[in-house]
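Okay, thanks for coming, everyone.

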Amino acid sequence: MFSWNSLLRPFFVLAPMEDVTDTVFRRIVASCARPDVFVTEFVNTDGMFSEGKDIVSQRLKFSEEERPLIAQVWGIHPQSYFLASKRIVELGFDGIDINMGCPQKHVVHSGACAALIKNHSLTSEIIDATRRGMIEAGRQIPFSIKTRIGYNTIATEEWIGFLLSFKPDALTVHGRTAKEMSKVPAHWDEIGKAVKLRDKISPETVIIGNGDIKSREDGLQKAKEYGVDGIMIGRAIFENPWVFEKEQKEHSLSEHFGLLTKHVELFNSTWQGKKPFQVMKKYFKIYVRGFDGAAEFREKLMACESADEVQKILNSKF
Ligand SMILES: Cc1cc2nc3c(=O)[nH]c(=O)nc-3n(C[C@H](O)[C@H](O)[C@H](O)COP(=O)(O)O)c2cc1C
């Protein structure tokens, strides 16, 4: 069984990113260079049991290549967390993570995610319900939380200290407040503070630092400087799909195009009839960049309506 504590330090995690890190993209990243842990996009706990559950459950689709894989959930109703956690155990995920950090307006207006930073009583009910769900399912899987360092102002001691009192197996600290969105550099000194709080309050909890990590090397350096057990990388994957590679190499244009071909094929075989081809287009920039005429070439690809059309254009380049 997966355990956060058994990972060699420092370990690397691919950040959950809505509409990006689906099963297809996680498999593409795994084929380049694996992080130690993958996380799903956030999944709404009410949505999992609603009329739209078929669409919502696309976010829970996975293959064995993506293990260890953590399911991330969000919501406001403890009872839904209870049911969702039970289901996540039954589906065979390696862990469950609660999103307490997303600052998007529609989400915080409902009282969920980063809004929980201002609502300790609901937070504790949600954690309790999630744990009861696992007990009901008859199997405990690692429980973790991903959060920020405060809502309007930095409140690391109060908020992170409060979360650590529940002794989660892992805690990902994104070094910004909700109000800061992604507009200021991540406060890594506050992430370092979270490590010290962990040492006092819950020594068994694994701390994962997150925010602005540009490369594996940058991650190794931050882990050393701030004492975190693991590093989570999000947007840097858009610049380099091989970001988790231990020995960084230059990757040629033909490797990038080969990866795009593989992504389009996997997208098609996984999502045809379920997600519009339009969704695939946001990934083009990852693969088609850094050469003269890249923008024009991307424009041609953006006009495509199918995997075959993309393939024809890619073939014409070589
Ligand atoms: C497009 C996008 C979607 C995101 N979706 C999620 C999500 O579903 N769950 C979550 O916890 N964080 C989400 N995040 C936040 C990232 O996981 C991460 O915390 C943030 O991007 C900072 O890390 P980075 O600087 O390495 O990108 C998202 C970020 C982006 C850019």
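So, helix 1 crosses helix 10 in a right-handed way, where right-handed means the near helix is turned clockwise from the far one by less than a right angle, and left-handed means anticlockwise. Keep in mind that this is a predicted model: local features need pLDDT of at least 70, side-chain atom pairs count only at pLDDT 80 or more, and totals for chains, interfaces and linings use all residues. Numbering starts from 1 along each chain as its sequence is written.

Helix 1 is residues 23-32 and helix 10 is residues 253-271; the packing angle is about 145°, and the axes are 9 Å apart. Axes here are lines fitted to C-alpha atoms, for helices over the stretch in contact, with angles running from 0 to 180 degrees between N-to-C directions. Helices are DSSP runs of H or I, at least four residues, and strands are E runs of at least two, numbered from the N terminus.

Who makes that contact? From helix 1 we have Thr 23, Val 24, Arg 27 and Ile 28, and from helix 10 Leu 259, Lys 262, His 263, Leu 266, Phe 267, Thr 270 and Trp 271. Contact means C-beta atoms, placed from the backbone, within 7 Å.

Staying on helix 10, that's also where Leu 260 sits. Leu 260 has 22 other C-beta atoms within 10 Å, so it counts as buried. The cut-offs are 20 or more for buried, 12 or fewer for exposed, and partly exposed in between, all within 10 Å and with C-beta atoms placed from the backbone. Leaving aside residues up to four places away in sequence, Leu 260 touches Tyr 287, Val 288 and Leu 314. With Leu 314, 54 residues apart along the chain, the C-alpha separation is 9.0 Å.

Next, helix 8, residues 216-226. Its buried residues include Arg 216, Lys 222 and Tyr 226, along with Gly 219 and Ala 223. Why one side? The buried set packs against strand 1, helix 7, strand 7 and strand 8.

Last one: strand 4, residues 95-100. 6 of its 6 residues are buried, so strand 4 is largely enclosed by the rest of the structure. Gly 95, Asp 97 and Asn 99 point one way, while Ile 96, Ile 98 and Met 100 point the other.

Technical notes
Contact = placed C-beta atoms within 7 Å.
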